[in-house]
Amino acid sequence: MATEEAVKTHHRISTCIENRELHDAFSSLSGEIASMSNPKLIDLLKKQEETYKYMLHYLVEGYDDNGRDKMLSAITSALYFINDAVLRDKIVKDSPDAYSSTLRFERLRKNSVTSRLSQFWQKESMATLEKEAGGGTSLRKEADEALVELFSFIWTMFGASSEEYKAVSEAVKNPDVSFQFKSQVISALMLGNMQYFDRKGIDCLLDIYDSESDSRLSARALVALTFIIAANPKRVECDPDLMARLSLWNDSIVIYRQLREIVMSVIRSHDTERISSKMKNEVIPELMKLRPEILNKLKNVSETSDIEMLDINPEWEDLLNKNGLGDKLKELSEMQMEGGDVMMMAFSNLKSFPFFNSVANWFLPFSADHHMVRSDKTDNIGPFNELLDMEGVMCDSDKFSFALSLKQMPETQRKMITERMGEQMAQLKEAIAEKNLKSSTPEFDAEVTRFVRDIYRFFKLYRNRNDFPDPFKKPMDFGALPVIKDILDDKEILILVGEFYFKREYYSEALPLLLKLAEEEKQDSLLWEKIGYCNNALNNLEEALKWYKRAELIHPGSKWLLKKMALCNRLLNRFEEASEYYARALDSDPDNYHLLMSAGHCMLETGNPAGAVANYYHADYVRPGRIPTWRAISWGELLNGNYDKSLEYYKRISDREQPSPTDMLNAGHSYYLSHRLKDAVNLYTKAALNPDYGISGLQTAFMEDLDTLLRLGGKKDEITMIIEKIKYEIE
């Protein structure tokens, strides 16, 4: 409860700061920090308020002040920082979340950045000597644990001094330290600043990015900065000094290409859940169904025959095409070629190793020397080193999952996997080489993909993931990110992202991008159709029709457009207009079952049951024996006054399957209107006895059909008495 109150207070004060109601913000923060034993914070607040009062005084006195806006921004940034510090202090006291638990532990140990760095370097050098001497893994274990401790310190160092942050950036700039060390510093800064925005932490990351010559580390630093900006867009935007520094990116074609790759990688990660769901719910169940047939085929293969010949056997293709499995596998393959993360599901169940209990290890670049991977006795992963070293195959956390699984695997099973990897490795190399040819910066692009996938896995699979706000909960709106939106404001990006979202059916995300494209492309009817379709899918039917009609001017005979416009009009209850569009569509496709049925439904709504029934009979001819068609014919003939015909189709339905209560009701109407009241009451009673219907459901249905029954010759008093009779029947 205390945490909830703290969050509410923090939000209220943030709103005051955002609205520039700084008097109220100062007043609230003064009350909040009065009980805190943090003299630096109290002093900072007092100094900011004094500065603010002087600024107001000079304003009222009429003094010109060219630096007023900059000063106001500095005060605002300081107030945001103090507000975050107050919230952090309140939450950390007793919250069980991962960040608070880690920070409480760090406070107890009272380490500094310098001591943490020193401890790590000392243990890292000892571990290196141990390996060179052919020793075991005891010192390696100490070094690995020291890196985890360093990660935890940097992750929670919000509010540290400029000198401490400078020590961190200088350590990363050291050319002699390992890639793993530098990567973990970058990841820790990212995670900490996504949770509590610290301007000095951003500057530290920017220093690392600006000075780094290793494209892999540049990739990680820029990915980290992108996630921080996305988590704190308002905080970045209200800081003119930070905006000025970030704006230096505007003139760099290199940064443009790098940001484009990062944005596309983050956007593609949004599709991961859908890919995993497709594999889990569609592909794997279908493969399991085929398993007996596959095993039977294998039994028929003689020991002397070449089992690889099965790959080109048409019978295998026929098996895969059962229930559309071949198409699903092809779609997954296309997603993978487009950068889709098809590995997520395969490795999501392999994140329960103790290794993944540590937050730091989710971001650690893979190393076969890690003490949890390496063995003193046997080389478990040696035969797989080529796979684990290959770029673009697995992200680092998946490599650790794979290596840790191998360590637990029996020797015979490891040997069997090794023997069967040859051909697959060759195919992987070929695919990766082809992908790299398409990129001008393959090393940077591969590291972006790998790092983004590691970040995605952490926020989706870490056991205490609910302790962290999920940046992947919604697609990243790069068009709302300070500086980045200006750098990526070009047609190429709009097309790339817009088409990706549209193809993957993320219509709310695709729509604003397609609309922006439409401002430039004044005669692109295909683009107009896509905008119409997005609105259609989002149930913005009037807007969808507007764009469909615009496209219709260029393609008046488009069957696809006619169907969509008919559907929109039908959903808007404009049945006359819908009927016209369905008629035009049927002119070019007269035997389309769905068009015939939809056209018939619209004709019923416009009071033309004869035309509707003609369409239904045509549909029954095109696809004979479908229950929905018979139901439509039965109801249409009732409205036509052909009660015997209506009952004939009701009987066809009841001969095929158990009729629904609505079927019984409609047949009862035919009996009633043809004056066969006993048969009518019998069916009405059966409908009322259905547990999903009941007498109340029957009465409601009667009221909905009352106007129709009266128009066809029924009498209200008779209907009321029939319902009364049914009540007695079911007592």
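Which residues in α27 are buried? Select Ser-525, Leu-527, Trp-528, Glu-529, Lys-530, Ile-531, Gly-532, Cys-534, Asn-535 and Asn-536. Buried means under 20% relative accessible area, with a 1.4 Å probe and protein chains only.

Before going on: this is a predicted model, where local features need pLDDT of at least 70 and side-chain atom pairs count only at pLDDT 80 or more, while totals for chains, interfaces and linings use all residues. Residues are numbered from 1 along each chain as its sequence is written, and side-chain values use heavy atoms, leaving out hydrogens and water.

Now colour all of α27, residues 525–537. Helices here are DSSP runs (H or I, at least four residues), numbered from the N terminus. Of its 13 residues, 10 are buried, so α27 is mostly covered. To see what does the covering, show α25 (491–503), α26 (507–520), α28 (541–552) and α29 (559–571), which are among the elements in contact (heavy atoms within 4.5 Å).

Next, check the ends. Asp-524 caps the N-terminal end, with a side-chain oxygen 3.2 Å from the backbone nitrogen of Leu-526. Just after α27, click Asn-539: its phi is positive, about 70°.

Last stop: His-669, in helix α35 (residues 661–673). His-669 counts as buried because its relative accessibility is 0%. Show Asp-705 too: the two side chains make a polar contact of 2.9 Å (N or O atoms within 3.5 Å, one able to donate a hydrogen and the other to accept it; residues adjacent in sequence count only if both atoms are side-chain atoms). Beyond four places in sequence, His-669 also has contacts including Trp-635, Tyr-684 and Phe-702.

Methods. Helix = DSSP H or I, 4+ residues; strand = E, 2+ residues; numbered from the N terminus. Buried < 20%, exposed > 50% of the residue type's maximum accessible area, 1.4 Å probe, protein only. Expected span 1.5 Å × (residues − 1).
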